[in-house]
Structures are given as C-alpha cells and as structure tokens.
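Thanks, everyone. Let me put the model on the screen and walk you through it.

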Amino acid sequence: MKKTGNSIFAERYRVVEVADDRLLVRGILSGEVLTIINPEPEFPLSQADFPPGKLIALTDPSSVPLD
C-alpha cells in the first residue's frame with residue numbers, strides 16, 4: 001500500500017499489545033509495526049489506557065510548545 005506521507009505522525013495506529021514499558025502498534029494504512037518505549041517508567045502503561053484494538057495517533061514532540 002502506498003504511504004500518504006513520509007512521517008509516522010501522518011498516520012493512525014491500532015494498538016496491538018501493551019506492556020509496562022512499551023506499546024506495540026500497527027499503522028492502519030501502511031501496516032508498519034512500531035514499538036514505542038515508555039519514557040517515564042515510573043508511570044507504567046496499562047491496558048485500561050491502551051486496550052488492544054484502540055486507534056491512536058502519534059504527536060510530534062518537536063511541534064509541542066515548550067512550557
């Protein structure tokens with residue numbers, strides 16, 4: 001399938017699996033699988049927050065205004 005953009009932030013993802021320290025997601029259009037490592041291990045990820053099958057979009061941290 002052809003990608004519509006060259007950025008991972010231009011696609012939506014479906015949660016495949018969640019663990020305390022990582023999130024496994026698959027791109028809806030591309031089928032690309034990404035593993036997202038939790039940068040804050042003191043706040044573990046949970047299936048309540050990221051149930052398998054949930055659709056998510058990634059946000060580019062460089063586009064978020066600084067505090």
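Start with contacts, meaning heavy atoms within 4.5 Å. Among those in the protein chain between residues at least 6 apart in sequence, 43% join residues at least 24 apart.

Two notes on method. This is a predicted model, where local features need pLDDT of at least 70, side-chain atom pairs count only at pLDDT 80 or more, and totals for chains, interfaces and linings use all residues. Residues are numbered from 1 along each chain as its sequence is written, and side-chain values use heavy atoms, with hydrogens and water left out.

Now the layout. The protein chain has four strands and zero helices. From the N terminus, the order is β-β-β-β. These are DSSP runs numbered from the N terminus: H or I of at least four residues for helices, E of at least two for strands.

Next, burial. Of the 67 residues in the protein chain, 18% are buried. Buried is under 20% relative accessible area, exposed is over 50%, and partly exposed lies in between, with a 1.4 Å probe and protein chains only. The chain exposes about 5100 Å², and carbon and sulfur atoms supply 56% of that. Areas are Shrake-Rupley with a 1.4 Å probe; for residues, only the protein chains shown count as cover.

So what makes up the largest nonpolar core? Nine residues: Tyr13, Val15, Val18, Leu23, Val25, Leu34, Leu45, Ile56 and Leu58. β1 (12-18) and β2 (22-27) each give two or more of them. β1 gives the most, with three. A nonpolar core here is a set of buried Ala, Val, Leu, Ile, Met, Phe, Trp, Tyr and Cys residues joined through side-chain atoms within 4.5 Å.

Look at Leu23. Leaving out residues up to four places away in sequence, Leu23 touches Val15, Glu17, Val18, Leu34, Thr35, Ile36, Leu45, Phe50 and Ile56.

Leu23 also lines the largest pocket, along with Ile36, Ile37, Asn38, Pro39, Leu45, Phe50, Ile56, Ala57 and Leu58. β3 (33-37) and β4 (55-57) each give two or more residues to that lining.

Last, Leu29. Leu29 sits in the loop between β2 and β3. Why does Leu29 count as partly exposed? Because its relative accessibility is 43%. The C-alpha atoms of Leu29 and Tyr13 are separated by 8.5 Å, and the two residues are 16 apart along the chain.

Note on methods:
1 Å grid on protein atoms, 1.4 Å probe; cavity = no way out; pocket = protein on both sides within 12 Å on 5 of 7 lines; lining within 4 Å.
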